[in-house]
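Have a look at it before reading on.

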Amino acid sequence: MKSIKNLTVSVLIDNTTDMFSSRPDHVDSELKVLMDSGLEIGSGPLLCSAHHGLSLFLEAETENGTKSVLFDAGPDPSGLARNSNHMGVSLENTDAIVLSHGHFDHAEALPKALELIKADKKDNPVPLYVHPGAFVKRAAKLPDGNMLPYTDVPSVDFLTKKGADVKTSSKEETIVDDYFYVSGEIPRNSFENGLSNHYKKDDEGNWTPDPDIEDERFLAVNIKDKGIAIFTGCSHAGIVNVCKHAAEVFKDQPLYALVGGLHLVYPNENLIDETIEELKQFNFKVIIPGHCTGWRAINRFINEFGEKIVDPLAVGTKQHL
């Protein structure tokens with residue numbers, strides 16, 4: 001994987017909106033981003049909207065110009081369109097899409113993303129990188145024993161008709177002229193045990209346990225003179241497993257930044273303290289947790305690593321890494 005000069009991350013979809021909190025020097029608040037894009041009056045319809053989900057727009061400054069990747073699309077088409085418009089993010093410049101895994105809160109707005117991207121690229125299919133296992137029917141088992149089915153990920157045929165060049169793989173690969181790395185299946189060798197209340201339908205139509213969610217992959221970039229920035233959708237493989245694997249893949253580079261969902265909410269809240277202790281070994285300079293990380297875990301991260309390192313994700317913000 002080639003190194004890049006710097007990276008700007010626009011948070012198009014996240015669970016949280018937080019317009020007025022002060023931010024570290026490398027983060028632009030939602031208010032700053034919106035005012036830079038022309039906001040002149042405080043008004044609800046002119047602000048970004050938060051959703052349970054994740055979508056990050058990564059713009060890498062390289063020796064060959066800017067290269068851009070949309071990492072997940074979030075769950076709500078109107079939210080993706082609204083937020084990218086208010087933030088002044090031109091999705092037409094997207095070189096590729098990476099889907100972290102097959103859950104609705106990351107994938108349901110993919111058709112809208114393709115529509116926005118192809119507004120200026122009508123004849124060029126958009127590369128979409130996804131694990132082939134992302135297209136199964138899934139559900140969460142609730143504490144009362146009932147199943148909550150998830151909306152299906154749009155099919156390969158449907159995404160193709162919408163303008164995607166769907167590239168399915170379970171192996172690691174470098175994309176967009178080798179400036180971005182997409183992991184293969186993440187090895188599981190820590191105390192983390194996946195998602196115990198997660199199910200999928202088998203060939204007979206029965207709900208069967210699916211705690212491993214093997215289709216989840218992470219995205220990484222190598223920022224010159226800083227190190228590796230890791231982007232994770234939900235860390236269903238376990239964020240410690242993710243970081244251990246990244247450290248093995250990039251043996252000659254330090255791990256610099258960790259961005260995304262860490263899934264330390266139910267049923268994994270009991271793993272928060274052990275996760276934090278394990279992550280200390282990687283010496284991250286920037287940690288930006290959000291989406292499914294949960295407020296308990298985010299508070300513990302701030303207490304342990306400090307506000308200079310930890311700044312929670314919030315929709316409408318821009319990270320300069």
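Q: How many disulfides does a search of the whole structure find?
A: This is a predicted model, where local features need pLDDT of at least 70, side-chain atom pairs count only at pLDDT 80 or more, and totals for chains, interfaces and linings use all residues. Residues are numbered from 1 along each chain as its sequence is written, and side-chain values use heavy atoms, with hydrogens and water left out. A disulfide here is a pair of cysteine sulfur atoms within 2.5 Å, and the number found in the whole structure is 0.

Q: Which cysteine has the nearest sulfur to that of cysteine 234?
A: Cysteine 234 is in no disulfide. The nearest cysteine sulfur is 3.5 Å away, and it belongs to cysteine 292.

Q: Is cysteine 234 buried or exposed?
A: Buried means under 20% relative accessible area, exposed over 50%, and partly exposed in between (1.4 Å probe, protein chains only). Cysteine 234 has a relative accessible area of 2%, so it counts as buried.

Q: At what angle do the axes of helix H6 and helix H7 cross?
A: Helices are DSSP runs too (H or I, at least four residues), and axes are lines fitted to C-alpha atoms over the stretch in contact, with angles from 0 to 180 degrees between N-to-C directions. The axes of H6 (residues 239–249) and H7 (residues 272–279) come within 10 Å and cross at roughly 15°.

Key: Helices (H or I, at least four residues) and strands (E, at least two) are DSSP runs, numbered from the N terminus.
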